[in-house]
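Subject: Handover of a structure

Hello,

Here is the structure I said I would pass on. Please look through it first; my notes follow below.

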Amino acid sequence: MRTPAVSLHEALLQPGAHDLRRARTDWIMQRIFQVAALLAVLPLFALVFYVTLRALPWLSPTLLFNNPLDQQPGILNAVVGSLQMTALAILVTGPIGIAGGVYLSEFAPRRVAAIGELVIDIMLGIPSIVAGIFAFLVLVPILGFSGWAGSAALGVLTLPIVMRTTQEVMRLVPPSIREASLALGVPVWRTTLLVTVRTALPGVLTGLVLATSRSLGETAPLLMTARGTNAENFLDFGTTMNAMPIVIYQYANAADERSIGQAWATALVLMVLALLLNVLVRWRTVNSRVA
Amino acid sequence: MLDMVSEKSKRAKAAAPVEQHDGAPVATLADQGGLLALGGVEAFYGAFRAVNNVSLEVQPRAVTALIGPSGCGKSTLLRTINRMHETIPGATVKGSITLDGIDLYDTDVDAVRVRRVIGMVFQKPNPFPTMSIYENVAAGLRLLGRTPKSEMDGVVESSLRRAALWDEVKEKLKQPGTSLSGGQQQRLCIARAIAVQPRVLLMDEPCSALDPVATLKIEELIRELAADYTIVIVTHNMQQASRVSDSTAFFSMDENRAGYLVEAGPTPMIFTSPKESLTESYVAGRFG
């Protein structure tokens with residue numbers, strides 16, 4: 001047996017001071033990590049707190065349920081407009097995105113899947129103003145300044161999110177699950193739909209909710225397509241439509257205190273909606289899975 | 001004549017006959033045979049030959065064990081029998097595999113139908129995680145078509161009974177399939193496989209992920225199932241092969257790393273007086 005360089009005595013027994021110093025270093029490092037975490041979270045809390053503080057005085061049923069042209073102006077058409085355009089965008093890009101994600105994960109040859117992933121990642125990185133310009137130059141000439149154009153612009157941003165998330169979660173389903181289904185004599189397409197997708201469903205839903213969250217908050221694309229309006233147009237996608245981010249932008253730029261207050265209130269509404277969506281996702285993920 | 005390809009008239013007399021699944025007749029236990037014959041089977045992963053020229057006859061209603069050191073293509077060979085091998089991109093099979101005289105790789109034969117007649121149980125138990133125990137056992141039926149609930153209840157119960165799992169789970173059929181222990185999960189997978197009434201059951205090292213107690217239970221189960229099914233089991237455990245099987249086939253690897261059949265015969269003979277010296281070395285524990 002080789003003779004070790006250090007004797008066991010030396011290897012194990014150290015002067016007491018080393019241990020103490022190590023314990024202190026451990027403590028310091030833990031404190032550093034802790035402070036860093038707090039610093040990271042602080043801006044978020046500050047934001048939420050400050051917005052709530054400024055918005056609360058202006059929050060009222062009149063604000064929420066009236067339209068801009070009413071006696072007491074409100075933001076109803078903006079809330080409805082946001083929800084409508086987002087809903088339409090998700091309704092269209094959701095199924096397409098899921099189907100595309102399923103294809104890339106289950107059926108595409110490796111090369112195609114790699115290229116597809118790259119393309120989607122690039123699309124994911126498109127700044128929203130660029131998506132807005134694209135919609136402005138390409139879609140508005142066809143669809144006009146309208147809810148259609150607004151939804152389309154949002155769709156450009158949501159499609160890659162849904163597709164990428166779906167692809168990723170489908171990939172996470174263990175091959176053994178697919179094999180078990182195939183070995184039972186279940187055809188490939190049924191295996192994909194009824195077994196693999198079903199197993200990945202919580203993740204797919206998360207992708208949809210993430211896309212919805214993103215789309216609710218987008219400002220630039222909507223400014224250049226749906227433009228915003230004071231009119232009470234519900235379900236009229238053919239003309240300009242109002243949305244919460246547009247309202248926030250316009251009111252925040254105004255001079256009077258009332259408008260600015262309304263901007264704060266709208267911001268709070270938007271934030272609460274986004275928060276609710278997030279909570280919904282987590283609650284579903286925890287409760288809906290059988291396991 | 002196997003009704004995998006023939007007309008629908010052959011039915012009844014079976015233990016729990018299941019109706020048509022989108023037009024495909026289901027093999028029943030009343031039929032005879034189940035003789036699986038492999039002739040000159042070769043299996044490839046792309047250009048690499050993993051299994052070289054295997055010819056073997058698997059007796060019906062009996063357990064045949066495939067033994068040999070790691071990497072000899074035993075699992076690959078097993079997967080050619082139920083046409084799972086070809087699901088891997090680039091994987092191909094040569095030679096003939098017939099069940100009761102029907103070529104499983106014939107152009108008239110659909111791979112999906114083959115897998116309904118030849119079931120498989122995997123090394124690591126793989127119940128469907130989003131399904132309950134009941135749904136897991138019924139998965140083969142539900143995924144393949146519409147079976148009335150009353151019938152499904154019957155099939156689920158009889159499959160779980162045959163898999164020696166009914167008493168342990170009858171109170172908790174709605175619980176997730178993954179809430180069971182490893183040994184129970186494997187029996188659940190066996191129940192799932194036999195619920196679609198296959199003729200042949202392939203088992204790829206079914207006990208290697210389980211503790212000794214669960215292993216023993218499953219070995220007992222295999223001996224019971226042999227009365228009704230043709231079973232082929234791949235195992236690394238020689239003692240298990242000698243306990244459980246009626247016939248044994250010993251595989252080894254040649255210079256090109258392709259698996260080949262060294263010797264096959266009745267289990268007692270293989271283990272006590274094999275003809276090949278390589279077989280003797282392996283069963284004596286001198287290598288592998």
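A nonpolar core is a set of buried Ala, Val, Leu, Ile, Met, Phe, Trp, Tyr and Cys residues joined through C-beta atoms within 7 Å. A residue is buried if 20 or more other C-beta atoms lie within 10 Å of its own, exposed if 12 or fewer, and partly exposed in between, with the C-beta atoms placed from the backbone. Of the 85 residues in the largest such core, those that touch the most other members are L66(B), A191(B), A195(B), L201(B), L202(B), I231(B) and I233(B). Leaving aside residues up to four places away in sequence, L201(B) touches G119(B), V121(B), A193(B), L225(B), Y229(B) and I231(B); touching, or contact, is defined as C-beta atoms, placed from the backbone, within 7 Å. There is also a second, separate core of 50 residues, which includes M85(A), V102(A), A152(A) and L154(A).

Some conventions. This is a predicted model, in which local features need pLDDT of at least 70 and side-chain atom pairs count only at pLDDT 80 or more, while totals for chains, interfaces and linings use all residues. Residues are numbered from 1 along each chain as its sequence is written, and chains are lettered from A and ligands numbered from 1 in the order in which they are written.

Chain A

Chain A has twelve helices and zero strands. Helices (H or I, at least four residues) and strands (E, at least two) are DSSP runs, numbered from the N terminus. The radius of gyration of chain A, 26 Å, is well over the 19 Å that the globule rule gives for 291 residues, so chain A is more spread out than a compact globule. That radius is taken over C-alpha atoms, and the rule is 2.2 Å times the number of residues to the power 0.38. The C-alpha trace of chain A spans about 90 × 60 × 35 Å along its principal axes. In chain A, 36% of the 291 residues count as buried. Of the contacts in chain A between residues at least 6 apart in sequence, 74% join residues at least 24 apart.

Helix α4 (residues 76-107) of chain A packs with helix α11 (residues 244-252) of chain A at an angle of about 140°, their axes 7 Å apart. The axes are lines fitted to C-alpha atoms, for helices over the stretch in contact, and angles run from 0 to 180 degrees between N-to-C directions. α4(A) and α11(A) are therefore oblique to each other: angles under 35 degrees count as roughly parallel, over 145 as roughly antiparallel, 65 to 115 as roughly perpendicular and the rest as oblique. On α4(A) the contact is made by A78(A), V79(A) and S82(A), and on α11(A) by M244(A), I246(A) and V247(A). These residues divide into five nonpolar, one polar and no charged. Here Ala, Val, Leu, Ile, Met, Phe, Trp, Tyr, Cys and Pro count as nonpolar, Asp, Glu, Lys and Arg as charged, and the others, Gly among them, as polar.

Two leucines of chain A follow. L139(A) is in helix α6 (residues 128-143) of chain A and counts as buried, with 22 C-beta neighbours inside 10 Å. L139(A) touches A149(A), A152(A), A153(A) and T225(A), not counting residues up to four places away in sequence. L235(A) lies in the loop between α10 (220-225) and α11 of chain A. L235(A) counts as exposed, with 9 C-beta neighbours inside 10 Å, and has a positive phi of about 65° although it is not a glycine.

Chain B

Chain B has ten helices and ten strands, and buried residues make up 47% of its 288 residues. Of the contacts in chain B between residues at least 6 apart in sequence, 68% join residues at least 24 apart.

In helix α1 (residues 74-81) of chain B, eight of the eight residues are buried, so this helix is largely enclosed by the rest of the structure. After α1(B) comes R83(B), with a positive phi near 55°. R61(B), in the loop between β2 (48-58) and β3 (63-67) of chain B, has a positive phi of about 50° and is partly exposed, with 18 other C-beta atoms within 10 Å.

Between the chains

In the interface, 24 residues of chain B are in contact with 19 residues of chain A. On the chain B side, the elements that give two or more residues are α2 (111-117), β6 (118-121) and α3 (133-144) of chain B. The residues on that side divide into twelve nonpolar, eight polar and four charged.

Regards

Key. Two residues are in contact if their C-beta atoms, placed from the backbone, lie within 7 Å.
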